[in-house]
Amino acid sequence: MVWDPASASSCLTPLSAKPLVVVIIGPGGVGKGTVVRDLVARDAKLWLSRSWTTRAKRPSETGDEYVFVSTETFRDAIAADAFLEWAEFLGYLYGTPRPTIGDTHDLLLEIEIQGAQQIREHDPDAVIILLTPPSREELEERLRRRGDDDVHVQRRLRSSDLELEMGRALADFVVVNEDVAQTGAEIASILEGLRQSRR
Ligand code: 5GP
């Protein structure tokens, strides 16, 4: 389910404990987007936040992946304190709008590492899950498949080494994304365990 403030107060069942804040991190191309879509499809307690970005929509994207905005609009939102976290990543701005869903759902964020660090600073209970690729070769292949040009693929690969190193230091759980369904099931089971233990 994608978080939509307009419909946030309808179809909601209260959770029995403080909602989880679940942060999925991992290098570009590792498959975070596909995994979070799998997660929200299998777990109705999750609300997926829709980020803002100043980067252009890729030809392969439908337009629902982000709120695509100009740098000026993004900067105005920063000035209005509209983001839970935001960061610059490879020349573009990305930010999580402040959620207004209350405590009826667990919040799911798919963001990069600086954003995850900000979330952790504000909420030490946030659960950070690092997705890793089965290999660097597979990561490169996935980056190429989604249509990035060679310059972008090489930039993202270079950045991925640091992201994995920093991610390992920050994450509570590390999951190798070999197969989406298997990864989704593994994360769903981690979340169920956390819900039980925090009850
Ligand atoms: P991409 O351009 O490949 O869609 O995203 C680049 C990176 O930005 C990815 O690691 C993605 O998870 C991250 N990202 C997406 N939305 C946000 C956000 O709201 N905040 C932060 N900090 N990173 C984000």
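I started with the largest cavity, which is lined by Ile-25, Gly-26, Pro-27, Ile-111, Glu-112, Ile-113, Leu-130 and Glu-163. On a 1 Å grid over the protein atoms alone, a cavity is a set of points where a 1.4 Å probe fits but cannot get out, a pocket is an open set with protein on both sides within 12 Å along at least five of seven lines, and lining residues have an atom within 4 Å of a point. I noted a volume of about 40 Å³ for the largest cavity.

A caution to myself: this is a predicted model, where local features need pLDDT of at least 70, side-chain atom pairs count only at pLDDT 80 or more, and totals for chains, interfaces and linings use all residues. Residues are numbered from 1 along each chain as its sequence is written, and side-chain values use heavy atoms, with hydrogens and water left out.

Next, the largest pocket: I got about 1100 Å³ of space. Its lining has 41 residues, with Lys-32, Gly-33, Arg-37, Tyr-66 and Glu-110 nearest the centre. Helix H1 (32–42) gives the largest share of that lining, 6 residues. Helices here are DSSP runs of H or I, at least four residues, numbered from the N terminus.

Then helix H4 (residues 136–145), where I found Leu-139, Arg-142 and Leu-143 buried (under 20% relative accessible area, with exposed over 50%, 1.4 Å probe, protein chains only). They sit on the same side of H4, because their arc around the axis is only 100 degrees, taken from the directions from the helix axis to the C-beta atoms. Glu-137 and Arg-145 are exposed on the face turned away from that buried side.

Note on methods:
Helices (H or I, at least four residues) and strands (E, at least two) are DSSP runs, numbered from the N terminus. Grid points are joined across faces, edges and corners, and a volume is the space filled by probe spheres set on the points.
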